[in-house]
Amino acid sequence: MAYVSGFLAPVPEDKKDIYIDKAKASWPLFKEYGATSMVETWEADVPDGEHTSFPMAVKREPGEKIVFSWITWPDKATCDACWASMETDPRWQVMFDMPFDGKRMVFGGFDQIVSL
């Protein structure tokens, strides 16, 4: 089954359009390196939690919205090769200077176990 790279990030509301533009600009490179899909979502109904929550995970601040996104890959090796290319392929500059605090981004890789 597929491999998924998942991300949560707090993005200032007034930088939504910049975020969207950067995401769209990065897709051709992800696709070239083997990604099969990319989904970017913008917070619509994300409640605060008492013990844990998306807002707590990224330490959301006033004026920020949470982006929940994922990229699917045919396998982990393809994903790893793509991430490694960011150190050698200068076209990845489009991903730098993202409009959010990268220190509060949460990310990880996941093996898909069910797909219906």
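The model is a predicted one. Nine aromatic pairs are present in the structure, and the largest pocket has a volume of about 530 Å³. Phe30 belongs to an aromatic cluster, and Phe30 is also among the residues closest to the centre of the largest pocket.

**Aromatic pairs and cluster**

- One aromatic cluster is formed by Phe7, Phe30, Tyr33, Trp73, Trp83 and Trp92, in a structure that holds nine aromatic pairs.
- The ring centres of Phe30 and Trp73 lie 6.2 Å apart with the ring planes at 75 degrees, and because an angle over 60 degrees counts as edge-to-face, this pair is assigned to that class.
- Since Phe30 is part of helix H1 (residues 16-32) and Trp73 is part of strand E3 (residues 64-73), their pairing ties together parts that are 43 residues apart in sequence.
- Both partners count as buried, Phe30 at 2% relative accessibility and Trp73 at 0% relative accessibility.

**The largest pocket**

- The volume of the largest pocket is about 530 Å³, and of the 30 residues that line this pocket, Phe7, Phe30, Trp83, Met95 and Met105 are the closest to its centre.
- At least two lining residues come from each of strand E1 (3-12), H1, strand E2 (37-42), E3, helix H3 (76-85) and strand E4 (106-111).
- By residue class, the lining of the largest pocket consists of 21 nonpolar, six polar and three charged residues.

**The buried face of helix H3**

- Thr78, Cys79, Cys82 and Ser85 are the buried residues of H3, and they are placed on the same side of the helix because the arc they cover around the axis is only 125 degrees.
- An α-helix has 3.6 residues a turn, so residues three or four places apart point the same way.
- The packing partners of the buried residues of H3 are E1, H1 and E3.
- Thr78, which is found in helix H3, has a relative accessible area of 19% and is therefore buried, given that the class requires a value under 20%.
- When neighbours within four places in sequence are left aside, the contacts of Thr78 are with Tyr33, Gly34 and Trp73; of these, Tyr33 and Trp73 are members of the aromatic cluster.

- Pro47 is placed in the loop between E2 and helix H2 (54-58), where its relative accessibility of 55% makes it count as exposed.
- Apart from neighbours within four places in sequence, Pro47 is in contact with Ser53 and Pro55, whereas the C-alpha atoms of Pro47 and Lys76, which are 29 residues apart along the chain, are separated by 32 Å.
- Lys59 is located in the loop between H2 and E3, and at 60% relative accessibility this residue counts as exposed.
- The phi angle of Lys59 is near 55 degrees, which is a positive value in a residue other than glycine.
- Most residues other than glycine have a negative phi.

**Ile18 in helix H1**

- Ile18 has its place in helix H1 and is partly exposed, with a relative accessible area of 41%.
- Although Ile18 and Pro99 are 81 residues apart in sequence, their C-alpha atoms are 6.9 Å apart in space.

Methods
Residues numbered from 1 in each chain as written. Predicted model: local features only at pLDDT ≥ 70, side-chain atom pairs only at ≥ 80, totals over all residues. Heavy atoms only, no water. Phe/Tyr/Trp six-rings, centres within 6.5 Å; stacked < 30°, edge-to-face > 60°. Helix = DSSP H or I, 4+ residues; strand = E, 2+ residues; numbered from the N terminus. Buried < 20%, exposed > 50% of the residue type's maximum accessible area, 1.4 Å probe, protein only. 1 Å grid on protein atoms, 1.4 Å probe; cavity = no way out; pocket = protein on both sides within 12 Å on 5 of 7 lines; lining within 4 Å. Points joined across faces, edges and corners; volume = space filled by probe spheres on them. Nonpolar A, V, L, I, M, F, W, Y, C, P; charged D, E, K, R; others polar. Contact = heavy atoms within 4.5 Å. Arc of directions from axis to C-beta.
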